[in-house]
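Here are my notes on the model, written to be read beside the coordinates.

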Amino acid sequence: MGEKSFQLFPEAASSIAGQVDGLYAYLVLVSAFFSLLIAFLVVFFAIKYRRKNDEIPKPADEHSIGGMVLEIVWSIIPLGLSLIMFAWGASIFFTESRPPADAMEIFVVGKQWMWKVQHNEGAREINELHVPVNRNIRLTLTSEDVIHDFAVPAFRTKTDVLPGRYTTEWFRPTKVGAYHLFCMEYCGTKHSGMIGTVYVMNEADYNAWLGAGSGEGSMAEQGESLFNQLGCGTCHPSAMNKQNGRCPNLNGLFGTTVVLKDGSKVRADESYIRESVLYPQARIVAGYDDIMPTFKGLVTEDGLLKLVEYVKSLGPKNGTESSATAAPTQTSSSPQAPARPAGPARAGNQ
Amino acid sequence: MITATPPVETKKNYLNQTEGLKSWLLTHDHKRIAILYLLGLIFFFAIGGVFAALIRLELATPAGDLVESNTYNKLFTMHGIIMVFLFLVPSIPAMLGNFLIPLMIGAKDVAFPRVNLLSWYIYVVGGLFVLVALLMGGVDTGWTFYTPFSSSYSNGYVVATGLGVLIGGFSSILTGLNFIVTIHRMRAPGLTWFRLPLFVWAHYATSMLQVLGTPVIAVTLFLLVLERGLHIGFFDPAYGGDPVLFQHMFWFYSHPAVYIMILPSMGVVTEIVTTFSWKKPFGYTFIAFSSIAIAVFGFIVWGHHLFVSGQSAYAGMVFSILSYVVAIPSAIKVFNWTATMYKGSVRATAPMLYALGFIGLFTIGGLTGLFLASLGMDVHLTDSYFVIAHFHYVMVGGAIMGFMGGIHLWWPKIFGRMYSEAWARVAAIIIFIGFNLTFFPQFILGYMGMPRRYHVYPPEFQVLNVLSSAGASILGLGYLIPVCYLVWSLKYGPVAPPNPWGATGLEWQTSSPPPTENFEVTPVVTQEAYTYTSEEVVHVG
Amino acid sequence: MASHAADTHADPHVVSTIQHHFESADQQKDASTIGMWVFLVTEVMFFGGMFLAYFVYRQAYPAAFASASNNTSLLIGAANTTVLICSSLTMALAVRSAAVGKKNLIVLFLILTLLLGGTFLGVKAYEYHDKWVRHEVPGHNFDCRDESGKACIDAGHTPLFFALYFGMTGLHATHMIVGVGIILFLISQARKGAYGPAWHTPVELFGLYWHFVDIVWIFLFPLLYLIDRSAVPK
């Protein structure tokens, strides 16, 4: 990235940055107007109506200005200007809260004091994130310890990264280049060292970079091998195997609505899968007993993400509804999971 | 026409009525308790200020070359905790409020003088906990104590500091309780609600916040202390808890807390602006009710601190729009103060300079709050230096300027002496300049993306940081000057008349300093507040 | 600090003092009463924080809460509730006795309140000890089990229930201990004849406090003891 020269404004490198900057301009204009107006009036009045020495002032008139009318005017106008600020900001936020269905997924695990990034195709990075330009990118993030925050000022976006939960952030990079990545939630001693770089590359360069990746297989593939390693397959039917009836079938599960033992319903999203592995008794599926042991302490956050991706890969073929907030529902590979070539052709399907 | 007659020097007043340390430490007199608070406030402000100086010194260079990271983290944490809980929250209410409210309403004291003294002792104990924790090594969680870092990862003295803040909170609760009862029940005959000085209205609203909000942070810190001590998972996911719940509970108090910090200051500004415009406030009723509105709405906007925390987007929308609603009453006040000056008889005395500075700086601070209330904008700006600039504009450019203005306005009343007007104006101007130089560059840094609580930062941020640090040195100098001339005035300043400014208000109808029982005869109020008549004109030296 | 006696024509033995900063006995009584009510409001907010945490976690982990709450003893909880409600009755009777000037009855009812309050605390202490022995105190030794010895459901989250149990009942018990201390003071004052029809504000205001503590328990009891008794999934 090299030494940046002194700037007063950050680069705009994402599709939302322009809108955010536009809103900023409006806010700055309104603020400058009112600040200067008040400052001017206050100074002007202090000078114009200053008491001259030895002067005996008359008590001011009762109704020197139309009181009530003014009060209403200067309540309504600020309220109106404020509502524009609200609506504009809310609209941007709404867009930011809804990752597009075709977004490419990347997984991030934050821990004191580094970022571990895992691409769906298997490539891994530390404190760096390589992404292709002009593609929608969705990050699923979690923390191994305390709250962090994955922030890219050039993209004008950030989200807190929480332990015990998944959060989501999406963006569409529009400019090739290298941009700051900061942890922006105080997290201890080396909080200011938990920084990195986001490299936005053109398509060809990105594919080349991806191809040189770790060779361990995609997230879903790694998840499958972890699934077998942990013995999940002894109870849970997976790739079209015959059910033995003791454990819920994971085929076609992801994204559907599950009915629980106490009658309540829950969506089988990333958080549900994660919770089921760590706290299996919290939500028991109707018709099943609470025989699943907990895997807390036996699987890391990275491992959990891989398992989630594996289960996602077993999900319904045609994908399901998108959620309002954090949990995305898309699968990025077909239900017949096992050996699939990791490669550029897969990126961006469905 | 000059009406002031200097009081007889040896007349008994609350300062010299009784002597000896015990008569101060066991006093029931609200005026002496106010002085006791003042001593504590100066002490803690000095410590918090030293930490600020060290922070700005470190940040003059991108590398962490002054202190190591752990120390830096403790510096900004302790700066925040001390400034918020041990200085700003008590500052105006416990000092100026305590001194003035009984005088302003024509009462002999607050409703519960012994509880008032207890409040001070609780403040001292809370402060001592924090001080001891500091001396043992301090805490590094940020003043916001977010979990699970504070509950399970920090190596600092979280329990001691948390207890200190918890205990100090009770001081605030009791002060608020005392004021509510006092204002309700101890007003002089004829003093109806709408004849009260707006300073009193502001404190009534503040007291509502103190009484309703502070217990919530007390219980939050209590749970944090339990969690840290006993590894119970209230807020740590490793034990089944939810760290975002901590944030909700923390901010449920801490947002109203910022209104606790600003409302009293707004009350001071109203008093100063009316006095030195020699004109009744424009829109008395609107100003009075805007204080109440701020207090009420202040309780339902806390979620704007959690926009990127993982809170639901719909909750975000609700909190965002409410945050705009709460801004309107503050805007009303600013316009009303400005309109008060129109066709008034304005004197640019030191208190007035502070008040005018407040109006300008609070306007900027409040407007930048609107940036943060806008969801899409906040996603970019939160956790950056923009937030730091915003809250220092309202807290320092606002609340502290108001405090300084109030100290100057009522100094003659409290201590019976006049200070040097020339030096006071110089200091006010230096503070104004130093403040802006310190914090305006931080808005730019924030939009650029410089994160807050960063010990080291990328080199392209250095120029603005250097400007900011330079400003801080000017600001620090500015705060030192009043210490000098105010202390000097205690012994050498001209003796003050009862009403040096020609102000209205019952506190000016008694001697400077007042006698212990405040008034020789209980006043009876027969006219509206802020009734300026020609006979009240007095020259300022 | 100067104070002066008020008119106490009703009972010549009771002399109420008006503190120097008040203009009249009425003003003093009003101020004290408003003060106590404001204080109770702060207490509502104080307990409210923990009630909030309870509701949030109960909603998030219903299975854990149902399973864990079944380990509380319904019998003991109900008995303690009865004891506390009775103590509110005796307290109200103490206030009434003061209002009609029956000094011996004031002392009697205050002592009864004290005994009932003490019983409650004693039973609570027993419950806490029992929980300690059964490994239901969150921490390293935590191991929640039901009567048959089977582990509580969703063991990862059951400590939350117990943490809230101890936090909420502990805070409540602390308030009761303070109350017990104040009752002792009131008893000693009542025996000296300090309270009568003309002035018995401390008894009245303490009564408010005691009733408040009782009401908090009346919310705690169903939330901690009664919920989900029949809804534990098998």
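1. In chain A of this predicted model, strand 5 (residues 137-143) and strand 8 run antiparallel to each other and are joined by five bridges. Two strands are taken to pair if DSSP finds at least two bridges between them. Helices (H or I, at least four residues) and strands (E, at least two) are DSSP runs, numbered from the N terminus. Across this pairing, Thr140(A) stands opposite Thr168(A) of strand 8.

2. How many residues of strand 8 of chain A are buried? Five of its five are, and the strand is mostly covered. Thr167(A), Glu169(A) and Phe171(A) point one way from the strand, Thr168(A) and Trp170(A) the other way, and all are buried. Here a residue is buried if 20 or more other C-beta atoms lie within 10 Å of its own, exposed if 12 or fewer, and partly exposed in between, with C-beta atoms placed from the backbone.

3. Now the sheet as a whole: five strands of chain A make an open, mixed sheet in the order 3-2-1-5-8. Strand 3 (124-126) and strand 8 (167-171) of chain A are at the edges with a single partner strand each, so one side of each has no neighbour in the sheet. On average, neighbouring strands of this sheet are turned by 25° against each other, direction ignored; the axes are lines fitted to C-alpha atoms (for helices over the stretch in contact), and angles run from 0 to 180 degrees between N-to-C directions.

4. Gln118(A) has Arg124(A) of strand 3 as its bridge partner.

5. A word on confidence: pLDDT is the predictor's confidence in each residue, from 0 to 100. Chain A has a mean pLDDT of 85, and 84% of its residues reach 70 or more. Over residues 318-350 of chain A the pLDDT is below 50, yet this stretch has 62 contacts in the model beyond near neighbours in sequence. Where pLDDT is low, the predicted coordinates should not be read in detail.

6. Ala, Val, Leu, Ile, Met, Phe, Trp, Tyr, Cys and Pro count as nonpolar, Asp, Glu, Lys and Arg as charged, and the others, Gly among them, as polar.

7. Between chains A and C, ten residues of chain A are in contact with nine residues of chain C. The chain A side has four nonpolar, two polar and four charged residues.

8. Chain C has six helices and two strands, in the order β-β-α-α-α-α-α-α from the N terminus. Its C-alpha atoms fill a box of roughly 70 × 30 × 30 Å along the principal axes. Of its 234 residues, 38% are buried.

9. Why does the span of helix 5 (residues 158-191) of chain C agree with expectation? At 1.5 Å a residue, its 34 residues should span 50 Å, and its end C-alpha atoms are 49 Å apart; the expected span is 1.5 Å times one less than the number of residues. Gly193(C), with a positive phi near 80°, follows this helix.

10. On conventions, residues are numbered from 1 along each chain as its sequence is written, while chains are lettered from A and ligands numbered from 1 in the order in which they are written. In this predicted model, local features need pLDDT of at least 70 and side-chain atom pairs count only at pLDDT 80 or more, whereas totals for chains, interfaces and linings use all residues.

How values were computed: Two residues are in contact if their C-beta atoms, placed from the backbone, lie within 7 Å.
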